Amino acid sequence: MPGTVVNGFDVRGRIVVEAPGVTIRNSVVRGAPSGYSTPTYLIVNWGQAGLTVIDSEIAPTTPGPYVNGVVGNNYTLTRVDIHHVIDSANILGDHVTIRESWLHDNLYYEQDPVWNGRPSHADSIQIQNGSNISIVDNWIMSGRNAGVMITQDRGPVSNLTFARNTASGGMCTINIAQKTYGPLHGVTIVDNSFARNTTIADCAIIAPTTTTALMTVRDNRYRPDNAIVTVRRG
């Protein structure tokens with residue numbers, strides 16, 4: 001029902017949100033004890049306004065190639081610990097905030113059944129479409145494909161802020177692809193700390209030239225040497 005508060009629960013299954021204004025706090029979402037045989041997200045929100053997940057953990061009891069963290073739109077994650085899933089957070093639509101959270105230890109399989117036996121496409125955050133997206137003050141690590149993968153697979157992405165995060169991993173840590181929707185508008189990437197452990201050397205951010213020309217990028221640095229990050233053209 002609208003405004004439901006789930007507080008202090010140990011959820012041995014998934015949460016599918018079907019009402020506006022739901023809050024999940026101080027809880028653990030573990031998924032089914034036996035795992036899953038088809039791609040599954042442990043928290044799902046399709047269009048219900050105002051989902052808030054706070055001070056909680058999303059971690060499957062039985063990790064596997066089919067298990068992911070959160071999917072949908074209109075949600076806010078605050079101080080959420082997501083681990084041992086393929087994709088931590090998948091954004092498909094508007095009004096998503098991820099802040100002060102820890103996304104880590106993504107699963108990865110050299111022969112992933114979801115990818116017909118090819119390697120997993122493990123991303124900490126995947127953005128397929130949407131506007132008004134804020135990713136701030138997080139620790140994002142261990143995504144083998146990307147820390148933040150922006151694909152525009154389902155539509156345009158705009159008004160995205162990525163600020164004050166500590167991020168690492170991936171082929172490139174932030175990978176922006178335009179697909180058929182053209183340049184991204186309103187992308188701001190500022191004041192972040194990036195590790196140098198990307199598969200492609202020194203590839204904290206990669207973006208097409210047409211999007212790069214519209215982005216605000218400043219004061220991003222590599223650790224531990226404090227060198228300035230530049231955008232790789234891709």
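Which strand gives the most to the lining of the largest pocket? The structure examined here is a predicted model, in which local features need pLDDT of at least 70 and side-chain atom pairs count only at pLDDT 80 or more, while totals for chains, interfaces and linings use all residues. Residues are numbered from 1 along each chain as its sequence is written, and side-chain values use heavy atoms, with hydrogens and water left out.

Rolling a probe the size of a water molecule over the atoms shows where empty space is left. On a 1 Å grid over the protein atoms alone, a pocket is an open set of points with protein on both sides within 12 Å along at least five of seven lines, whereas a cavity is a set of points where a 1.4 Å probe fits but cannot get out; lining residues have an atom within 4 Å of a point. Grid points are joined across faces, edges and corners, and a volume is the space filled by probe spheres set on the points. By these criteria the largest pocket has a volume of about 430 Å³, and of the 22 residues that line this pocket, Tyr41, Asp87, Asn90, Gln126 and Gln128 are the closest to its centre. Strands (E, at least two residues) and helices (H or I, at least four) are DSSP runs, numbered from the N terminus. The answer to the opening question is strand E13, which contributes 3 residues to the lining of the largest pocket, and strands E8 (67-72), E10 (89-92) and E13 (123-136) each supply at least two. By class, the lining of the largest pocket is made up of 10 nonpolar, 7 polar and 5 charged residues, where Ala, Val, Leu, Ile, Met, Phe, Trp, Tyr, Cys and Pro count as nonpolar, Asp, Glu, Lys and Arg as charged, and the others, Gly among them, as polar.

Strand E8 also takes part in strand pairing, a term used if DSSP finds at least two bridges between two strands. Strand E6 (residues 40-45) runs parallel to E8 and is joined to E8 by 5 bridges, with Ile43 standing opposite Val70 in E8. E8 and E10 likewise run parallel, joined by 3 bridges, and Val71 has Asn90 in E10 as its bridge partner. Of the 6 residues of E8, 6 are buried, where buried means under 20% relative accessible area, exposed over 50%, and partly exposed in between (1.4 Å probe, protein chains only). In the loop between E8 and strand E9 (75-83) lies Asn74, which counts as buried at 19% relative accessibility. When neighbours within four places in sequence are left aside, the residues in contact with Asn74 include Asn45, Leu51, Asp94 and His95, contact meaning heavy atoms within 4.5 Å.

The structure holds 1 cavity of 30 Å³ or more, and the largest cavity has a volume of about 30 Å³. The lining of this cavity consists of Val148, Ile150, Leu160, Phe162, Ile174, Ile176, Val187 and Ile189, and strands E15 (146-150), E16 (157-163), E18 and E19 (185-190) are the elements that give two or more residues to this lining. By class, these comprise 8 nonpolar, no polar and no charged residues.

With a disulfide taken as a pair of cysteine sulfur atoms within 2.5 Å, the count comes to 1 disulfide. This disulfide joins Cys172 to Cys203, with an S to S distance of 1.9 Å, and the link is right-handed, with 85 degrees about the S-S bond. Cys172 lies in the loop between strands E17 (166-167) and E18 (174-176), and Cys203 in the loop between strands E20 (193-194) and E21 (205-207), so the pair ties together parts that are 31 residues apart in sequence. Both Cys172 and Cys203 are buried.

Backbone geometry was examined last. Most residues other than glycine have a negative phi, and most peptide bonds are trans. His95, although not a glycine, has a positive phi of about 65 degrees; His95 lies in the loop between E10 and strand E11 (96-99) and is partly exposed, with a relative accessible area of 43%. Asp105, in the loop between strand E12 (102-104) and E13, has a positive phi of about 50 degrees and counts as partly exposed at 37% relative accessibility. The peptide bond from Arg223 to Pro224 is cis, with omega near 5 degrees, and Pro224 is found in the loop between strands E23 (221-222) and E24 (231-233).
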